[in-house]
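Open the structure in your viewer and keep the selection panel handy.

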Amino acid sequence: MGKKILVTGGTGYIGAHTVVELQNNDYEVIIVDNLANSDIKILGQIASITGEKPEFFRLDLRDKNAIAEILKIHPDIKGVIHFAASKSVSESVKKPLLYYDNNILALVNLLNALAGKPVNLVFSSSCTVYGEPDTLPVTELADIKKAESPYGNTKQIGEEILKETANAVKDLSVIALRYFNPVGAHPSALIGELPNGVPQNLVPYITQTAIGKREQLTVFGDQFDTPDGSCIRDFIHVVDLARAHVAAIRRMEAGQAHAAFEVFNIGTGQGYSVLELIRTFEKVTGTQLNYRIGPPRDGDIVKIWGDVSLAEKELGWRAENDLTSMLSSAWAWENYINNNPFN
Ligand code: NAD
Ligand code: WQD
């Protein structure tokens with residue numbers, strides 16, 4: 001059995017896919033999650049893929065004693081991947097304190113519990129820190145704009161807390177991965193995104209519409225300054241994203257990090273519009289999607305895609321899956337969960 005990695009939020013969407021990749025790379029995974037936005041059955045699904053059920057503790061990271069206790073049980077944890085957070089932009093506007101509590105206090109508690117240990121930590125950041133970029137593709141050196149939502153602000157503040165702490169503390173190495181738009185599911189279709197209620201993100205809304213759970217998709221605007229008028233995003237397959245975490249952990253383990261705190265964009269480097277994505281989905285599934293064009297969504301970024309050359313050079317990682325693979329896997333997962341609902 002390989003080195004122990006603590007994965008916070010490991011039963012969530014990106015966390016579960018990363019746990020699979022870690023186990024495939026011989027890491028021993030310990031998950032902590034309060035199940036606020038995930039289902040305990042994901043543990044069995046992970047075991048069906050890898051043959052190994054990860055150790056699991058149900059706890060809330062806002063409880064500082066609880067996380068400290070786990071690190072006493074497992075004093076030899078050397079790697080941490082911190083996914084646990086609340087992630088809805090619109091909810092964060094309505095409940096800002098919930099977001100500062102859950103995303104900032106939880107991070108501070110985790111860092112306090114890790115204090116004094118030699119640890120490599122990967123942090124889930126987001127391309128949301130760039131706002132609407134001035135130049136495309138956006139690089140890691142681009143300005144960090146004033147956050148447009150409390151959620152976005154928690155990612156900016158989280159990066160700052162980690163940078164300052166890693167610079168001040170010996171033996172803490174941190175890599176923040178700025179994800180672009182994660183979509184898709186594991187090729188086994190045994191794990192995937194499990195939106196709570198009405199999906200706010202594009203791909204789960206599309207798959208739920210196609211399977212009949214939703215009536216119609218609304219495309220938020222088609223009069224933007226883009227070739228077909230709809231917004232453009234850098235969609236990345238969740239399995240590629242999961243593998244980037246393994247690459248980040250490996251870089252720090254090998255002592256290859258150039259600084260105590262590093263940042264990498266994790267995307268494909270290629271932008272696709274919302275309408276292009278819909279057309280690809282229709283081709284992949286051989287069905288017609290019921291959609292209409294509606295008004296723009298408040299605060300939406302018009303176009304963003306990442307320069308991912310730094311991750312390629314330094315992490316030795318690049319995305320391998322194309323949009324077809326992202327959408328066919330998302331569709332296979334939607335069919336699976338529709339036939340085998342968790343509750
Ligand atoms: P998710 O909601 O599926 O997973 C997060 C997990 O953390 C859930 O299982 C939830 O129960 C758990 N959690 C939340 N608060 C907790 C707490 N206080 N204590 C313990 N567990 C807690 O979300 P995801 O899509 O897998 O996102 C993972 C991370 O990546 C988040 O930090 C998110 O902000 C970030 N991110 C996500 C996206 C995206 O589009 N999905 C994009 C960029 C960044
Ligand atoms: C993608 C595109 C919508 C739904 C959000 C967060 C960001 C990051 C990822 C975490 C946009 C359009 C969507 C719909 C639509 N999360 N759309 N109809 O907005 O890029 O980013 O999730 O860090 O912080 O802001 O993702 O999937 O919501 O939207 O037309 O019903 O699809 O307008 O252009 P977004 P999304």
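Start with the second largest pocket of this predicted model, which has a volume of about 450 Å³. A pocket here is an open set of points on a 1 Å grid over the protein atoms alone where a 1.4 Å probe fits, with protein on both sides within 12 Å along at least five of seven lines; its volume is the space filled by probe spheres set on the points.

Select E193, L194, P195, W333 and I337: of the 23 lining residues (those with an atom within 4 Å of a point), these lie nearest the pocket's centre. Next, colour α7 (202-211) and α11 (323-339), the elements that give two or more residues to this lining. The largest share, five residues, comes from α11; helices are DSSP runs of H or I with at least four residues, and strands are runs of E with at least two. By class, the lining has eleven nonpolar, eight polar and four charged residues, with Gly counted as polar.

Now move to ligand 2, surrounded by 17 residues with a heavy atom within 4 Å. Among the closest are S126 and R233. Which polar contacts (N or O pairs within 3.5 Å) can you find? An oxygen atom of ligand 2 is 2.5 Å from a side-chain N or O atom of R233, and one is 2.7 Å from such an atom of S126. The protein buries 86% of the 680 Å² that ligand 2 exposes when taken alone (Shrake-Rupley, 1.4 Å probe). Finally, select strand β8 (residues 217-220), which gives the largest share of the shell, four residues.

Residues are numbered from 1 along each chain as its sequence is written, while chains are lettered from A and ligands numbered from 1 in the order written. Local features need pLDDT of at least 70 and side-chain atom pairs pLDDT 80 or more, while totals for chains, interfaces and linings use all residues, and side-chain values use heavy atoms, leaving out hydrogens and water.

Notes
Polar contact = N/O pair within 3.5 Å; in protein donor to acceptor, adjacent residues only side chain to side chain.
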